[in-house]
Every structure is written in C-alpha cells, then in structure tokens.
Amino acid sequence: MGSSVVFITGATSGFGRACAYRFADAGWSLIISGRRKSRLDELERELGARVPVHSIELDVRESDAITAAVTALPETFKRVTCLVNNAGLALGAGPAQESKLDDWHTMIDTNVTGLVNVTHALLPTLIESGAGASIVNLGSVAGQWPYPGSNVYGASKAFVKQFSLNLRCDLLGTGVRVTDIAPGMAESEFTLVRMGNDQNAYDRLYNDTTPLQPEDIAEQVFYVATLPAHININRLEVMPVRQAWQNFAVDRDT
Ligand SMILES: NC(=O)c1ccc[n+]([C@@H]2O[C@H](COP(=O)([O-])OP(=O)(O)OC[C@H]3O[C@@H](n4cnc5c(N)ncnc54)[C@H](OP(=O)(O)O)[C@@H]3O)[C@@H](O)[C@H]2O)c1
C-alpha cells in the first residue's frame, strides 16, 4: 500500500503551491500541475527529495490534454486520494459595462470549464479510492456575497459552490467527499493577475491590514482532506479577521 496521493491544479503559485508543501509535510505523494513549467520543475526539485512528485504541465481549459495526462499517470500515482481543484483567476475589477468579453470568457473557461474538466477526468480514480477520498474545490466569498466589480468572477465561484453541493448528491454511497473552500482576501499573485500586474494595486489591497496567507488556506485544505472518513465539510468560508461586509449601496438623487 503506497502513500496517499494528492492532485493539485495551479500548484505553481499561491494556495496550490502552499498545498504542495502542506501535503508533502505529511508524506503524501504529489501530482502538481500548472502552465508554468519552470515553476513546476523548481517545486519538484524542492519537494522531490522528500516525497514522490509527478509534475504535469497542464492548462485546465484543455480537456483532451487532461484526459491524456490522467491516463498516463505512472502506476504509483494512479490511485488519487484527493483532488485540489485550485487553478483559477480573476481578470479585472471594474464594472460589467467596462469589462472585456475576452476576460469573462477566460474566467469561465478556467474557473468553471477547467474545474469541471479536471473533476470529470479524476472521478473514476477518486471513486475507486472510495472512503476517505476528497475533492476540495477552491471557491471564494465572491461566490456567496456580491460586491462591485465581481460580476463574472463571483458568478464563476457561485458555480463552484453549487457544483460542489450537487456532486455531494451524486457521490453519495461512494465515500468520496466534496468541499467548497471559500476564502476571503488572501495575499498571492491572484491580485497581480487580476489587476494586470499593477504592483500599486497589489500594495493598496494588502498593505496596512492582515490578509490571509496561502499557508492558511493550505492548512484548511489539508484539514478537510484528512478528517475521519465519515465527515464531510460541505463549505468552509474563511476570511481574515480584518475583513467584513459593508452597507447596501443606494443610488440617490443628491
Ligand atoms: N487570493 C485570493 O484572495 C483568493 C480568494 C478566494 C479564492 N481564490 C481562488 O483560489 C484559487 C487560487 O488562487 P491564488 O490566490 O493561489 O492565486 P495565484 O497565486 O494567482 O495562483 C493561481 C494558480 O492557478 C493556475 N492557473 C491559472 N490559470 C490556469 C489554467 N488555465 N490552467 C492551469 N492552471 C492555471 C496558476 O498557474 P499557471 O499560471 O502556472 O498556470 C496558478 O498556479 C483560485 O481559484 C482563486 O480564484 C483566491
């Protein structure tokens, strides 16, 4: 019997990278994926000395490539115990009427279609793993709470929330758990990607407060994936203490 195997999408940065470290700390075998090969290579060099690591250069939008990569998994990585569907992004923070349609398509293709692609490809092995296996989807507070400029990003994360709950219904009896982890503000490249590499926007968001760190989320992911096999956390919303909601906005004449 080999070690447990975790398949992480978007392992080249932020939460996904922190998850690779967290699961490696516990001796899990890692399948790490993302588009940036140099980062995957670096991670494989760093963690490969401690645990078995298989890296896959993968764009989650490409369903045929995902199927091929899953089919070609080396024997010792074939039985996946946990899928961390983490790859995702936001593009832009302006109002819908000023957004680029291409950005909307990219968010839907990545956060919705990409997550569905990977899930579909790995469901057979997860079901084979059975009791104790998990799918941990990275949603967002944006999937539950509206805010200006969230438009398609938030809607894509609402999909993640509902898809996670619906999967629970279908997987009843298989032993496979499903969790939607929904973080609030967390410090990562996410904001550089969202704001077109604008370092000032990044600094404005994270300076003078205490955002979540990728390691905080990795700890939650590891927690839900290693609970006793009879427990399913359906949705876990995590915010920094220094983040909360504000009033409803009202349009007035004066
Ligand atoms: N940071 C936050 O405040 C926050 C809050 C709530 C939820 N989230 C969600 O948490 C997840 C991780 O975010 P993060 O903060 O860790 O952001 P991040 O540091 O920007 O990491 C995003 C990861 O997704 C990967 N990715 C993006 N597009 C991809 C594609 N088409 N195919 C494969 N991989 C792709 C990136 O890898 P490559 O570029 O190498 O492909 C990268 O590894 C996302 O789903 C995000 O929406 C973030």
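Predicted model: local features only at pLDDT ≥ 70, side-chain atom pairs only at ≥ 80, totals over all residues.
1. Stepping back, both strands belong to an open sheet of seven strands with parallel pairing, in the order β3-β2-β1-β4-β5-β6-β7. At the edges stand β3 (53–57) and β7 (235–238); each has a single partner strand, so one side of each has no neighbour in the sheet. From one strand to the next, the twist averages 15°.

2. Now look for helix α5 (residues 151–171), which lies across β5, β6 and β7. Helix α5 runs at about 165° to β6.

3. Next, the interior. Nonpolar side chains tend to be buried together in soluble globular proteins. Here the largest nonpolar core has 52 residues, and Val 6, Ile 8, Ala 20, Leu 30 and Val 221 touch the most other members. A second, separate core has six residues, among them Met 107, Ala 142, Val 152 and Phe 190.

4. Neighbours within four places in sequence aside, its contacts are Phe 23, Trp 28, Leu 30, Ile 31, Thr 81, Cys 82 and Val 84.

5. Finally, the ligand. It is surrounded by 31 residues, the closest being Gly 10, Gly 14, Arg 35, Ala 87 and Gly 88. Two or more residues of this shell come from each of α1 (14–25), α4 (101–129) and α6 (190–194), and α1 gives the most, with three. By class, the shell holds 12 nonpolar, 13 polar and six charged residues.

Definitions and conventions: Residues numbered from 1 in each chain as written. Near = placed C-beta within 6 Å. Helix = DSSP H or I, 4+ residues; strand = E, 2+ residues; numbered from the N terminus. Nonpolar A, V, L, I, M, F, W, Y, C, P; charged D, E, K, R; others polar. Core = buried A, V, L, I, M, F, W, Y, C linked by C-beta atoms within 7 Å. Buried ≥ 20, exposed ≤ 12 C-beta atoms within 10 Å, placed from the backbone. Contact = placed C-beta atoms within 7 Å. Pairing = 2+ DSSP bridges. Axes fitted to C-alpha atoms, helices over the stretch in contact; angles between N-to-C directions.
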